[in-house]
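Here are a few exercises to work through with a viewer open. Try each task yourself before you read its solution.

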Amino acid sequence: MLLFRSEETVNQWCAAHNIPQRPLVNLEQLWQLAVHWYANRLTVESRRPALDEMVSIFESLGLAGPFWDPKSDQWR
Amino acid sequence: MPELDLDTQVKLAIYEITAETGSVPNSSQISRKISIEEREVLAAFRRLHAKRLLLPEPGDPHRIRMAPPFSGVPTRFPVETNGRRYYANCVWDVYGIAAALHCNAISRASDGQTGEPLTLEVKNGEPILKPYVAHFAVPAAHWWDDLIFT
């Protein structure tokens with residue numbers, strides 16, 4: 001997951017690497033993802049979110065659809 | 001407090017050493033820190049990998065490539081906080097380090113295409129928002145297929 005100044009440089013990167021453009025995430029969404037994933041990572045009870053929890057987290061941030069579904073088989 | 005299981009002890013030791021030093025430890029360092037045999041540490045590494053909590057270095061199970069959000073090797077995502085430098089695995093993990101350490105942090109990262117310097121900063125538990133974007137090239141169902149690429 002790379003950082004870009006704008007969608008324009010994302011498009012240039014995708015063209016250069018022959019990779020289709022996929023979803024873009026803004027910095028507020030990215031921060032919320034980081035908090036959900038890592039805020040308790042240094043504690044005894046830390047764990048990776050379960051698959052259904054991931055879906056809920058993504059949807060709460062407006063990230064919906066098969067791309068964000070960790071159980072999707074659409075991309076095989 | 002009940003005694004912690006071995007995997008939890010190893011996981012906590014990994015993150016304690018990383019937070020204190022800025023470097024992700026190897027199996028020998030973990031063995032010394034919690035006074036268990038290195039072979040037991042390696043077995044714990046394998047189980048933690050299965051739980052998707054760490055990624056061993058390809059070809060060298062004694063080393064850790066990723067203890068998310070921390071990277072065991074330098075990356076294009078350095079994160080400075082608490083007077084130390086850490087390395088994040090990706091742009092998500094830049095913020096992940098600030099979230100995990102609950103600290104102000106600054107990352108002098110760069111545009112993935114042009115290399116232009118782009119700074120990310122977290123202050124008082126909030127990101128300093130800019131119009132930058134993160135591009136997720138890999139669908140969520142496949143993030144761990146090749147985590148280094150993801």
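**Exercise 1. The fold of chain B**

What percentage of the 150 residues of chain B count as buried? Work out as well how the chain is built and how compact it is.

*Solution.* Keep in mind that this is a predicted model. Start with the burial count: 41% of the 150 residues of chain B are buried. Next, list the secondary structure, which comes to 4 helices and 9 strands. Their order along the sequence of chain B is α-α-α-β-β-β-β-β-α-β-β-β-β. Now turn to the dimensions. The radius of gyration of chain B is 16 Å, close to the 15 Å that the globule rule gives for 150 residues, so the chain is as compact as a globular protein of that length. Its C-alpha trace spans about 50 × 30 × 25 Å along the principal axes. Finally, take the contacts in chain B between residues at least 6 apart in sequence: 35% of them join residues at least 24 apart.

**Exercise 2. Two helices within chain B**

Find how helices α1 and α2 of chain B are oriented to each other, and which residues make their contact.

*Solution.* First locate the helices: α1(B) covers residues 6-21 and α2(B) covers residues 27-34. Their axes come within 10 Å and cross at roughly 105°. Angles of 65 to 115 degrees count as roughly perpendicular, and α1(B) and α2(B) are therefore roughly perpendicular to each other. Then collect the contact residues: α1(B) gives B:Gln9, B:Val10, B:Ala13, B:Ile14 and B:Ile17, while α2(B) gives B:Gln29, B:Ile30, B:Lys33 and B:Ile34. Sorted by class, this contact has 6 nonpolar, 2 polar and 1 charged residues.

**Exercise 3. Where the chains meet**

Describe the contact between the two chains, then look at a helix pair that spans it.

*Solution.* Begin with the totals: 38 residues of chain B and 40 residues of chain A take part. On the chain B side, the elements that give two or more residues are α1, α4 and β9. The largest share, 6 residues, comes from α4(B). By class, that side has 25 nonpolar, 8 polar and 5 charged residues.

Now zoom in on α4(B), residues 91-101, which packs against α2(A), residues 27-38, at an angle of about 55°, with the axes 8 Å apart. That angle makes α2(A) oblique to α4(B), and the crossing is right-handed. The contact residues of α2(A) include A:Leu30, A:Trp31 and A:Tyr38, and those of α4(B) include B:Val91, B:Trp92 and B:Tyr95. Counted by class, the contact has 12 nonpolar, 1 polar and no charged residues.

A:Trp31 has 25 other C-beta atoms within 10 Å, so it is buried. Beyond its neighbours within four places in sequence, A:Trp31 is in contact with B:Tyr95 and B:Pro127.

**Exercise 4. Backbone details in the loops**

Which peptide bond of chain B is cis, and where do B:His102 and B:Asn124 lie?

*Solution.* The bond from B:Pro68 to B:Pro69 is cis, with omega near 10°. B:Pro69 sits in the loop between β2 and β3 of chain B.

B:His102, in the loop between α4 and β6 of chain B, has a positive phi near 55° though it is not a glycine. B:His102 counts as partly exposed because it has 13 C-beta neighbours inside 10 Å.

B:Asn124, in the loop between β7 and β8 of chain B, has a positive phi of about 50° and is not a glycine either. With 5 C-beta neighbours inside 10 Å, B:Asn124 counts as exposed.

Note on methods
Residues numbered from 1 in each chain as written. Chains lettered and ligands numbered in written order. Predicted model: local features only at pLDDT ≥ 70, side-chain atom pairs only at ≥ 80, totals over all residues. Axes fitted to C-alpha atoms, helices over the stretch in contact; angles between N-to-C directions. Parallel < 35°, antiparallel > 145°, perpendicular 65-115°, else oblique. Left-handed = near helix turned anticlockwise from the far one by under 90°. Contact = placed C-beta atoms within 7 Å. Nonpolar A, V, L, I, M, F, W, Y, C, P; charged D, E, K, R; others polar. Rg over C-alpha atoms; globule rule 2.2 N^0.38 Å. Buried ≥ 20, exposed ≤ 12 C-beta atoms within 10 Å, placed from the backbone.
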